[in-house]
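The points begin with the chain as a whole and then turn to individual residues.

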Amino acid sequence: KSSCDVMAVEVMKLYKLCRDSVQLITMFVPRLRKEYFQDDIFTTRMDFSSAVLTAESWNSGGQYQVKSVDPCPEGVKKMSNVEVVKKGNQQSKIQQEHLKYKSHEAQRDELFNSFAEQIQRDAVPLEQDLMEGCAED
């Protein structure tokens, strides 16, 4: 994860070996608030950029402390520190956007009802209905 773009919420890089090339495949996590650091995905990790012990201190039985690195860029707020403010029955932006669009069933029902109303409004009796002598079964 050390080479991933944390602000684009890139979590993995894969290399696909092809017949005559190597293709880079990247995996992203879809998030709405990319302006904040996603600290639920990118936790602190061990620092492999420098040695923890020298050869002499390791041979002498020296104690070591694993260094950790916070992948959060400088000056970027962490998502866990952002306060979510909700007032009463206020809906989130996602819920409001979702309510703008009707489901397929609701669209179908609305279209069917409009056709039925139009047929009832424009109802003209058919010629055979006006003829006398026809028995109704």
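1. In this predicted model, 46% of the contacts in the protein chain between residues at least 6 apart in sequence join residues at least 24 apart.

2. The secondary structure of the protein chain consists of four helices and four strands. Their order along the sequence is β-β-β-α-β-α-α-α.

3. Burial and surface may be taken together. The protein chain has 137 residues, of which 12% count as buried. Its accessible surface comes to about 12600 Å², and carbon and sulfur atoms account for 53% of that area.

4. Which residues form a nonpolar patch on the surface? The patch is made up of Met46, Phe48, Val52, Tyr64 and Val66, and together these residues have about 560 Å² of accessible area.

5. One member of this patch, Phe48, lies in the loop between strand E3 (45-46) and helix H1 (55-59). Phe48 counts as exposed because its relative accessibility is 70%, and the cut-off for that class is over 50%.

6. How many disulfides does the count come to? A disulfide is a covalent bond between the sulfur atoms of two cysteines. With a pair of cysteine sulfur atoms required to lie within 2.5 Å, the count for this model is zero disulfides.

Key. Residues numbered from 1 in each chain as written. Predicted model: local features only at pLDDT ≥ 70, side-chain atom pairs only at ≥ 80, totals over all residues. Heavy atoms only, no water. Patch = residues over 30% accessible without salt bridge, like charges linked within 9 Å, V, L, I, M, F, W, Y side chains within 5 Å. Areas by Shrake-Rupley, 256 points an atom, 1.4 Å probe, with all protein chains shown as cover. Salt bridge = Lys/Arg side-chain N within 4 Å of Asp/Glu carboxyl O. Helix = DSSP H or I, 4+ residues; strand = E, 2+ residues; numbered from the N terminus. Buried < 20%, exposed > 50% of the residue type's maximum accessible area, 1.4 Å probe, protein only. Contact = heavy atoms within 4.5 Å.
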